[in-house]
Amino acid sequence: MRNGEGYKDPTAGKALRKCGVMREANLERADQLRPKVPTLDGWSEAEEQELVIKWSELNPALKWLFHIPNGGSRHPAEAVHLKRMGVKPGVPDLFLPLPVPPYHGLWIEMKSQTGRPTALQTEWLEWLRSQGYAAYVCHGAEAAINCLKMYLEGAHDEA
């Protein structure tokens, strides 16, 4: 695979291809979402999540997977408006409202390879688990994709 400047870039799809997550043609499309050069810490959380969403679009069982837009920088007026509408800090990034017994659905908090959940994010994940949901922190696209696959297969405790 080649990055945006034409250099061979094995990092983008090698790990996903190795674990059998994606076919070669889909990896090429997914790689186009990646930046030309990774940051010193690797791909950003947003870039990892974009890859997960693109991958999920290839699986009909994941049609209802969606992102909760709680984070990010916003104009102060928009932030106030969203807070009035019920945006809450710490809510996980992705939700799959598909019950797979014994769970009511799957919540995923995306993190970069080096990212760590905040105290509020951890509190949300623990509360969601107590309410009968599967809820995980996933470091990178590969972890999130594997988590989604295992959830759909019913192998929740291994994610």
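1. Is Lys54 buried, partly exposed or exposed? With 40% relative accessibility, Lys54 counts as partly exposed. This holds for a predicted model, as do the points below.

2. Lys54 has a charged partner. Its side chain meets that of Glu57 in a salt bridge, 3.7 Å from N to O. Glu57 is exposed, at 54% relative accessibility. The cut-off for exposed is over 50%, so Glu57 passes it.

3. The structure holds three salt bridges. Another one joins Lys111 to Glu45, where the closest N and O atoms are 3.9 Å apart. Lys111 sits in strand β3 (residues 106-111) and Glu45 in helix α3 (residues 45-56), so this contact ties together parts that are 66 residues apart in sequence.

4. Look at the burial of this pair. Lys111 is buried, at 7% relative accessibility. Glu45 is partly exposed, at 26%.

5. The side chains of Lys111 and Glu109 meet in a salt bridge of 3.6 Å, N to O. Glu109 is buried, with a relative accessibility of 1%. Together, Glu45, Glu109 and Lys111 are linked in a network of salt bridges. Side chains of opposite charge can pair when their charged atoms come close.

6. Now the aromatic rings. The count comes to five aromatic pairs. One of them is Phe66 with Phe95. This pair is edge-to-face, with 5.8 Å centre to centre and 90° between the planes. Phe66 lies in strand β1 (residues 66-67) and Phe95 in strand β2 (residues 94-96), so the pair ties together parts that are 29 residues apart in sequence.

7. Phe66 is partly exposed, with a relative accessible area of 38%. Phe95 counts as buried, at 10% relative accessibility.

8. Phe95 also pairs with Tyr133. The geometry is again edge-to-face: 6.0 Å centre to centre, 70° between the planes. The link spans distant parts of the chain, from Phe95 in strand β2 to Tyr133 in the loop between α5 (119-130) and β4 (134-139), 38 residues apart. Tyr133 is partly exposed, with a relative accessible area of 23%.

9. Which residues make up the aromatic cluster? Phe66, Phe95, Trp107 and Tyr133 form one cluster. Within it, Phe95 pairs with Phe66 and with Tyr133.

Methods: Residues are numbered from 1 along each chain as its sequence is written. This is a predicted model: local features need pLDDT of at least 70, side-chain atom pairs count only at pLDDT 80 or more; totals for chains, interfaces and linings use all residues. Side-chain values use heavy atoms; hydrogens and water are left out. Rings of Phe, Tyr and Trp (its six-membered ring) pair if their centres lie within 6.5 Å; planes under 30 degrees apart count as stacked, over 60 as edge-to-face and the rest as tilted. Helices (H or I, at least four residues) and strands (E, at least two) are DSSP runs, numbered from the N terminus. Buried means under 20% relative accessible area, exposed over 50%, partly exposed in between (1.4 Å probe, protein chains only). A salt bridge is a side-chain nitrogen of Lys or Arg within 4 Å of a carboxyl oxygen of Asp or Glu.
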